[in-house]
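The sequence and structure are shown below.

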Amino acid sequence: MNWENELKKLRVKRQKDSEHFKIFQRVFDEYTIKNIRTLIDRGIFRALDFPVSTGKEADVYRGSTRAGGYVAVKIYRIETGDFKNMWEYILGDPRFKKVGKGKRALIREWCKKEFRNLSEAYNIGIRVPQPFAFKENVLVMEFIGENGEASPLLKDVKVKQPKALIDEVITFIQRMYSEIRLVHADISEFNIMMKGEKPYLIDMGQAVNLKHPRALEFLKRDLYNVERMAKKMSVEVDHEKMYRQIVGV
């Protein structure tokens, strides 16, 4: 496979003096290019445009569709990703009992897990990016933004109605717990996007089923983080009281 030609097909500009080029070097191995081509051939999207965000395990790109719209394309890096903490969120989740050995198997299962978590949350009306498809280490989902620009994270926004925001996030947590038996496990201002005044939960890969042995521990941590965020906005909430209300104790 000629990687240069494949990258041209994806319409990704390689500029050696740019930060983008450094990202491309980390992300686009032959395995990943093959998976992207499969999704393009299936008509899920037409081309990659540019990076939107970079994380420890994955990079997110804006993708263009044949209909003229946009999608978010999340690519988990095989060789350079930091996957040390993934196992604690997979082992013990009864939905994912058989995970093969090696990085590729782990990442494939994680990508599948994020797709399923997003699907379950989206189907009950929780505000998350709608998932469209995945292939091995590549996940395609709804692009959260306006006019082709990605919406900001909560950490970068001054919220006009902080109490309404906190109440809505708590409702998301409560409904996921009671309706789909799911705990996000990493609620923070880094994992909430703001489209106007509407919050969207993102990074759902680590979310666990309630049968996971640490599910309630993760729930307590999520609620503590909500209290911490609320305090910054001068909104009073009690994470211990929220926990008792949600789990019914």
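## A hairpin and its strands

In this predicted model, strands β4 and β5 form a hairpin with 2 residues between the strands, and E136 takes a positive phi near 55° there. Strand β4 covers residues 131-135 and runs antiparallel to β5, the two being joined by 4 bridges.

Is β5 enclosed or open? Of the 5 residues in this strand (residues 138-142), 4 are buried, so β5 is largely enclosed by the rest of the structure.

## The nonpolar cores

The largest nonpolar core contains 56 residues, and the members that touch the most others are Y76, I173, M176, L201, L219 and V226. Helix α6, which spans residues 162-179, gives the most to this core, with 8 residues. Because domain 1 (7-149) and domain 2 (151-247) both give residues to the core, it lies between them.

The surroundings of L201 show such packing in detail. When residues up to four places away in sequence are not counted, L201 touches I126, R127, V128, P129, F172, M176, H184, I187, N191 and I192. Another core, of 15 residues, lies apart from the largest one, and its members include F28, I36, V71 and V138.

## Two buried loop residues

Residue I202 lies in the loop between β10 (198-201) and β11 (208-209). Its relative accessibility is 13%, so I202 counts as buried, the limit for that term being under 20%. Which residues is I202 in contact with, leaving aside its neighbours within four places in sequence? They are P129, L153, H184, F190, N191, I192 and M193. For P129, the separation along the chain is 73 residues, while the C-alpha atoms of I202 and P129 are separated by 7.1 Å.

Leaving aside neighbours within four places in sequence, S188 is in contact with R228 and M229.

## Salt bridges

The count of salt bridges in the model comes to 17. One of them joins R95 and D93, whose closest N and O atoms are 2.9 Å apart. Both partners are buried: R95 has a relative accessibility of 16%, and D93 has a relative accessible area of 1%. These two residues also belong to a network of salt bridges that links D93, R95, R116 and E120.

Another salt bridge connects E179 with R175, with the closest N and O atoms 2.7 Å apart. Because E179 and R175 are 4 residues apart in helix α6, about one helical turn separates them. E179 is partly exposed, at 43% relative accessibility, and R175 is also partly exposed, with a relative accessible area of 25%. The side chains of E217 and R214 likewise meet in a salt bridge, at 2.7 Å from N to O. In this pair, E217 is partly exposed at 42% relative accessible area, and R214 is partly exposed at 28%.

How values were computed:
Residues are numbered from 1 along each chain as its sequence is written. This is a predicted model: local features need pLDDT of at least 70, side-chain atom pairs count only at pLDDT 80 or more; totals for chains, interfaces and linings use all residues. Side-chain values use heavy atoms; hydrogens and water are left out. A nonpolar core is a set of buried Ala, Val, Leu, Ile, Met, Phe, Trp, Tyr and Cys residues joined through side-chain atoms within 4.5 Å. Buried means under 20% relative accessible area, exposed over 50%, partly exposed in between (1.4 Å probe, protein chains only). Domain bounds come from an automatic or database domain assignment. Contact means heavy atoms within 4.5 Å. Two strands pair if DSSP finds at least two bridges between them. A salt bridge is a side-chain nitrogen of Lys or Arg within 4 Å of a carboxyl oxygen of Asp or Glu.
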